[in-house]
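Hi,

Here is the structure I said I'd pass along. Have a look first, and my notes follow below.

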Amino acid sequence: MRSTATTLLLISAMRSTATTLLLVSTVNGLAIPSSPAEQTRRAITSIRSAILEPSDKPKRLFIDYLIPLPAETKEEDIDPWPGGLAQMYPYAEDIIRDILKGVVNEAGQCSSQVLSAPDCCGFFIQESQEDPKKDVAAILFPSVDQLDDIERIDEMVGPDRTLILMNKQFQRPADFGFTGMSKSRSRSAIFDRFKWGFAFQELACRGEDVKLTFEHPNWYSCAVCDEDVDLGSQQIKLLEPQLERPAYEALEAKINEVLPEPLW
């Protein structure tokens, strides 16, 4: 679950000098985004890089974007998103539009439609005035119930244009069912076809606040400590940049090595 206190770091525009230095000086890797604007900028750069990578396969990308909490969120709030995806959707819609506009050369109109109101799932197409083949499509908050839509849209987008799944609500084929056709279809339609375009994720590992970022072509990892008021938020590098998403066990082992005593 997202730490409200940590995520508020993304919203605050004020930074101490010490914190700013830490954000830009992470050793042999990338500091985590310090603001929503920076996260969006870095997402655009990473996605463009992934699209431009030579490949004979259609461009199919995952994005995990850490949506900043509403400005009215307080540290004591147990659930900053009591309305769930329905509350997040207006924020996420603005974000995906900004990302698509930044990714596409000579961006034209961006059209959208709701794929499923109950699931808060939407579909976006950002047109390129330079070349229709450079249009980019995106599905926001796709869930296991959108498998048919994903397959249909994938065929409609075709091999020349890019399709993005942003903040998918599933993690593995088993989420589509342990047996049956849906699991097999999800593997061939999604997991065997899509790769990461950008990610900013957070998780608890051995009780520490761990941040993972994917910026093409590598994953980066760090532990964040914001207990020291004087020093501000510190980022402690964990694993070396790598092509595959770091496994929980590898993160835990590295934390035990570099942080024998818990930060908390």
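This is a predicted model: local features need pLDDT of at least 70, side-chain atom pairs count only at pLDDT 80 or more; totals for chains, interfaces and linings use all residues.

Residues are numbered from 1 along each chain as its sequence is written, and side-chain values use heavy atoms, with hydrogens and water left out.

Ser 128 sits in strand E3 (residues 121–128); helices (H or I, at least four residues) and strands (E, at least two) are DSSP runs, numbered from the N terminus. Ser 128 counts as buried because its relative accessibility is 8% (buried means under 20% relative accessible area, exposed over 50%, partly exposed in between, with a 1.4 Å probe and protein chains only).

The contact between H3 and H4 is made by Thr 40, Ala 43, Ile 44, Ile 47, Arg 48 and Ile 51 on the H3 side, with Asp 98, Ile 99, Gly 102 and Val 103 on the H4 side.

As for the whole protein chain, there are 7 helices and 9 strands. Of its 264 residues, 47% count as buried. Among contacts between residues at least 6 apart in sequence, 60% join residues at least 24 apart.

Cheers

Key
Contact means heavy atoms within 4.5 Å.
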